Amino acid sequence: MTRRTLGPRPNPLPLSNRLLSFVLQAPSVFASTALFGSLSLAASLFDSDGKLQHRIAQAWARTLVAASGCPITLVGNENLRKHDVAVYACNHLSYMDTPVIFASMPFQFRIVARHDLWQMPFIGWHLRRSGQVPVNVDNPRASISSLSSAVKTLKSGMPLFIFPEGGRTESGHPNTFLNGPAFMAIRAQAPIVPMALIGTHELLPIHTSQFYPVPITLAVGEPIDSTAYSMRQVDELTSRLSDEICRLYYAHSYLAAPATPSLEAITEIEENAV
């Protein structure tokens, strides 16, 4: 069978893909999430360091990736092991991003994610009992408090993973990055490792439940040293992180990077708005 290449997702999907999603893939995802979520909850009763729960999460992730029918290519694998403790930051395209990350990263880590995920059955139970870190992006004061908790996790020696956009993109192009990763990295004096997922938007974009299997790439960039930055330079470090993740993304995607307007064009827009 000819291997499918990455390209735009058909609209509508072929009937064969819709039937496969409805009959096999979607039920497998829901059943696996319930099963492994229950196992993780049970393991939390005696798993004090979270290692067993993390292995259960990896098994859940690999099951979902297998059900999706998508091969994963890891680019820059050597950059995952350059530091014992780091903030790993990646663009966010799909519900399948988290399974791909858990299936691909070969060590234990904790995730920093939107607080509303903690309200979901099975997934929320696992997040709460396995020591993941919720962040309230809707409340600045609560966000700072939760990010400070994440800093403590880093200082204890545990790597962290975060989606800096705060939510999935609808267009397939990266959205504006929040400054949480830069804040955590500077406070903890830990490096940031930029990562880019390519293909999960075509596999399962936001607001859909039907899979379209395509090759997925996880590209890992060189770690960014945060020790040269102060807390006054959080935005500067965030911009550097965003530029690097976008560079990785467009280097492996069929999509073209949006054109950056020239200084003259920006000036003209501002003058016309006055």
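Rings of Phe, Tyr and Trp (its six-membered ring) are taken to pair if their centres lie within 6.5 Å, with planes under 30 degrees apart counted as stacked, over 60 as edge-to-face and the rest as tilted. The model is predicted, so that local features need pLDDT of at least 70 and side-chain atom pairs count only at pLDDT 80 or more, while totals for chains, interfaces and linings use all residues. Residues are numbered from 1 along each chain as its sequence is written, and side-chain values use heavy atoms, with hydrogens and water left out.

Six aromatic pairs are present in the structure. In one of them, the ring centres of Y88 and F107 lie 5.5 Å apart with planes at 45 degrees, so this pair is tilted. Y88 belongs to strand β2 (residues 87-90), whereas F107 lies 19 residues away in the loop between α3 (97-104) and β3 (110-114); helices (H or I, at least four residues) and strands (E, at least two) are DSSP runs, numbered from the N terminus. Y88 and F107 are both buried, that is, under 20% relative accessible area, where exposed means over 50% and partly exposed in between (1.4 Å probe, protein chains only). Ring pairs join Y88, F102, F107, F109, F161 and F163 into a cluster.

The rings of Y249 and Y250 have centres 5.1 Å apart and planes at 75 degrees, so the pair is edge-to-face. Y249 is buried at 1% relative accessible area, and Y250 is also counted as buried, at 17%.
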